[in-house]
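Student: I would like to go through the salt bridges here. Please show me the structure.

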Amino acid sequence: MTDLKSDFLKILTERGYIHQCSDLSALDDLAAKREIIAYVGYDCTAPSLHVGHLLSIMMLHWLQETGNKPIALMGGGTTRVGDPSGRDETRKLLTYDQIDANKEQIKTTFAKFLRFGDGKTDAAMVDNAEWLTRLNYIEMLRDVGRHFSINRMLTMDSVKLRLDREQELSFIEFNYMILQSYDYVELARRYGCNLQMGGSDQWGNIVNGIDLGRRMGTHQLYALTCPLLTTSSGTKMGKTAAGAVWLNEAQLSAYDYWQFWRNTEDADVERFLKLFTTLPMSEIAKLAALQGAEINEAKKTLATEATALMHGRDKAEAAADTARKTFEQGTTAEGLPTVEISKGEFAAGLGVLSAFVQAGLVKSNGEARRQIQGGGLKVNDQPVSDEKAHLSLDDATADGAIKLSLGKKKHVLLKPV
């Protein structure tokens, strides 16, 4: 890689964010002059983004920290169509009200990582519904559609992989790459945007936008993608047995978020410290040098720093304290996730299988049975051996709750109300 001049690309390179770039040297020149205006698009398919989106959010963060301008593009328009990238089937179409509700929830995430305002380097939040919902279909075909080759579109991974597997690709999804390309042109015209960033699976779509910009007379546009992360064991980053690791606290508690990072595999600790914290590289090097059992201290630092970025320093420290009390001191900590269950349900006879399902530790009674057979479930730190057992109010400890545990690291308090 050529010698870089800009702080932005130096940081992204040393921390491991860069997968592909359309013209690294030219982009470096712009970044050195602090003239990059970059965007990342986020569709509103759920009320929260997940850990898989964090890489691109951190790229926007470092862009702003090095004197350039970030744009967070809300996909209020493109979500109505659905991105086929990486999908085996058509996304379920959401109502406009659902999309708007999701968008409002997602917006809260960005204030944790970016500074918004009207200044030159202040972040902007834009919604592509602003222009996409006003398009006239015939004009769109004439002005934009004519620049796209069906032959080339059929070679794009998002289309080709679906067709190769003989899985249906709807016409509405086929249009998605056109809309994403048009977003880039609109942002170039309206905001002077000159860089689109995203995951490596978006490379084809971003390059299409560069090409459309050239054909429609914009200034030179650039592409920069980050790798799609997998853990050292090969699983997709942010995917767990319990589902996605959400960023919003309404979908995942700060404590569970902390635990996700604490459970990082040994081989991933250094990489994740670089990508998901703002710790200086010198400090990361010291943590990465820890060996044996000491690597757990690096994991705790990763968990606390990543949680502090997302949920604030106080909640991160509280989560770390809760974990210490729970795992190292063997006490029931108040900060554990709590599920309230009516006293009437206890009086009627709350089966132990149902209790673990309601606590969210297992997905079904069948899974609870299998965990019991393997010795994986505990009530108040005692192994459950009888799948027909019931919990009663008498099982509540002195602090008024019943502690349910799955394995050594997942705990929930059941609180009778």
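Tutor: The count comes to 17 salt bridges. A salt bridge is a side-chain nitrogen of Lys or Arg within 4 Å of a carboxyl oxygen of Asp or Glu. This is a predicted model: local features need pLDDT of at least 70, side-chain atom pairs count only at pLDDT 80 or more, and totals for chains, interfaces and linings use all residues. Residues are numbered from 1 along each chain as its sequence is written, and side-chain values use heavy atoms, leaving out hydrogens and water.

Student: Why is the contact between Arg 115 and Glu 65 called a salt bridge?

Tutor: Their closest N and O atoms are 2.7 Å apart. The limit is 4 Å, so the pair counts.

Student: Where in the chain do the two partners lie?

Tutor: Arg 115 is in the loop between α4 (96–110) and β4 (124–127), and Glu 65 is in helix α3 (residues 54–65). They are 50 residues apart. Helices (H or I, at least four residues) and strands (E, at least two) are DSSP runs, numbered from the N terminus.

Student: What makes Asp 211 buried?

Tutor: Buried means under 20% relative accessible area, exposed over 50%, partly exposed in between (1.4 Å probe, protein chains only). Asp 211 has 17%, so it is buried. Its salt-bridge partner is Arg 215, with the closest N and O atoms 2.9 Å apart. Arg 215 has 44%, so it is partly exposed.

Student: How do you know that Asp 268 is buried?

Tutor: Its relative accessible area is 0%, so it is buried. Asp 268 forms a salt bridge with Arg 271. Arg 271, at 30%, is partly exposed.
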